[in-house]
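Visitor: I am new here. Could you show me around?

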Amino acid sequence: MPSGTPYASFALPYPIRVDCFTCTAHLPAPYNTPALYLLTHSHTDHIVGLSSKSFASRVLCSPDTKEMLLRHEIYPERAKKYAGEVAMRTFAHLKLEGGAFSRDLLHAVPLNTPTEFELSPTETVIITLIDANHCPGAVMFLIEGPRGTILHTGDVRAEHWLLKSLTRNPFLQPYIPDTEEDLRVLIARGGQTASLTKTLHAIYLDTACMLKGTVVPTKENAVKGLVELIALFDKDTNFFVNSWTWGYEDVLKGIARAFQCQIHVDQYKHAVYTHISDPFLRMLVTRDATSTRFHACERFKRCSFVDVPRFDFKNDLAPRSIEERKVVYINPVTMGCAQWEGYCMDVRRRLAMGKDIDRLLVPLERHSPLPELLNLVSLFRPRRVIPNTLVPALGGLDWTAMNAMFKECMAPPIYDRGDPITNEFSSLGIVHPSVLDLASLNLADTDSAMKNLVGDSAELEAGKWADDGSMRRRLEVLRGWLGPKEKRIVDRALGR
């Protein structure tokens, strides 16, 4: 997991490590030798350690994640291909075929298929992979065993449709107390449920956007609004979709449907998209740059149809590509519903006035902000909520705030010294430092989408309309969930 993950990335109470494959020699026994590794998806911050040639343990993942990982190439290697050189795949060593050294460390497990795995000669668990609506191949893990049941979300976008699908998932239904009567029974039994329903011991929750309190558009509404804006441009305008990481495929699909066209992608994306299980993705991508107005090729080496020399703002002419095409760059950002509505109205107004527009924003969020996380946790009412990601510089204040954030979403607490999950937590816990001040925080630090914008003036446009995920904005949200003492610490950091 990304930097700041508690419990050394273990899915306690089990000796199972998730999304972290670095050396464990510094951990106490039995956690210096994980019994099992899980990989939720193939984003770079979740595969740290897997590139080491010395890594030799079995890793559970989805079939698509396996395919994407084996085809994974970092940009310097992709650049070698552009120069006609031979490129190396980062994780090719995980699957070797032929000879005495044949091995396949990536164990692909189909979704919605409970599968038994042995942790030791005396203990097994059943693991079920469930779609996480984050990027191709991304899954949540339901882990059931003698020490209790946990749900590890990995990275998740818990839109309403996903919550509905979870309520219909037969492997999750036993853990969903879906009526007030169920809750009253739960409280009356002191946290112990009736025989047909059970309580999740813990949810390991995607907290990457927990400190964003904005209600954001659904992916469907974001793409619908973008398509409507694209339709206002001249039919000879070219568009570059800045799909700088996996997870923005809904934008490509929405454009392909609306304009009945394919999307031009680079060799790397094409190899990945045409080898995973999504048939529509396989259909909509093309390597022929001349066949379409829409491009999602390598952003560091854009094709000549959307590669625009640096624009001179003193010149009133709209920027043109090397092929003399007008180009509009599309950048995904975080934006609230009200801001998105206002932004769409502003773009329409500027176009109606004859203004040249060379960039568009789309609020395609890959992680759930706080409102969606509250809905997800409320669906299950677990005993505990544990963050997948903490901001180390906050010294545990973000975890402290979670107690208040999710208080109303939880099952009634139990006080059982024999509770295995409590015992395991205490054996491999982290100690929050005593936070005296947050002077080391960079309040201007922004989120990854803002750091990966493409196109001249894109940063100016995004700064006006988007939630930049800055530390200052996150502290404002955090402050509302803290006690008086912690609020004073945050206030000093904010200069109040």
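Predicted model: local features only at pLDDT ≥ 70, side-chain atom pairs only at ≥ 80, totals over all residues.

Visitor: Is M410 buried or exposed?
Guide: M410 sits in the loop between helix 11 (397-405) and helix 12 (420-427). Beyond its neighbours within four places in sequence, its contacts include V377, R381 and P382. Buried means under 20% relative accessible area. M410 has 17%, so the residue is buried.

Visitor: How many of the eight residues of helix 1 are buried?
Guide: Helix 1 covers residues 63-70 and is largely enclosed by the rest of the structure. Its buried residues pack against elements including strand 3 (59-61) and helix 7 (267-273). Among the buried ones are D64, M68 and L70. The count of buried residues in helix 1 is six.

Visitor: What separates K80 and E77 in helix 2?
Guide: K80 and E77 form a salt bridge, with their closest N and O atoms 3.3 Å apart. K80 is partly exposed at 29%, while E77 is buried at 14%. Both lie in helix 2 (residues 75-82), three residues apart, and what separates them is about one helical turn.

Visitor: Which parts does the pair D250 and K219 tie together?
Guide: The two side chains meet in a salt bridge, 4.0 Å from N to O. D250 lies in helix 6 and K219 in helix 5, so the pair ties together parts 31 residues apart in sequence. Those parts are helix 6 (residues 249-259) and helix 5 (residues 219-230).

Visitor: With which residue does D467 form a salt bridge?
Guide: D467 is buried, at 9% relative accessibility. The closest N and O atoms are 3.4 Å apart, and the partner is R473.

Notes. Residues numbered from 1 in each chain as written. Heavy atoms only, no water. Helix = DSSP H or I, 4+ residues; strand = E, 2+ residues; numbered from the N terminus. Buried < 20%, exposed > 50% of the residue type's maximum accessible area, 1.4 Å probe, protein only. Contact = heavy atoms within 4.5 Å.
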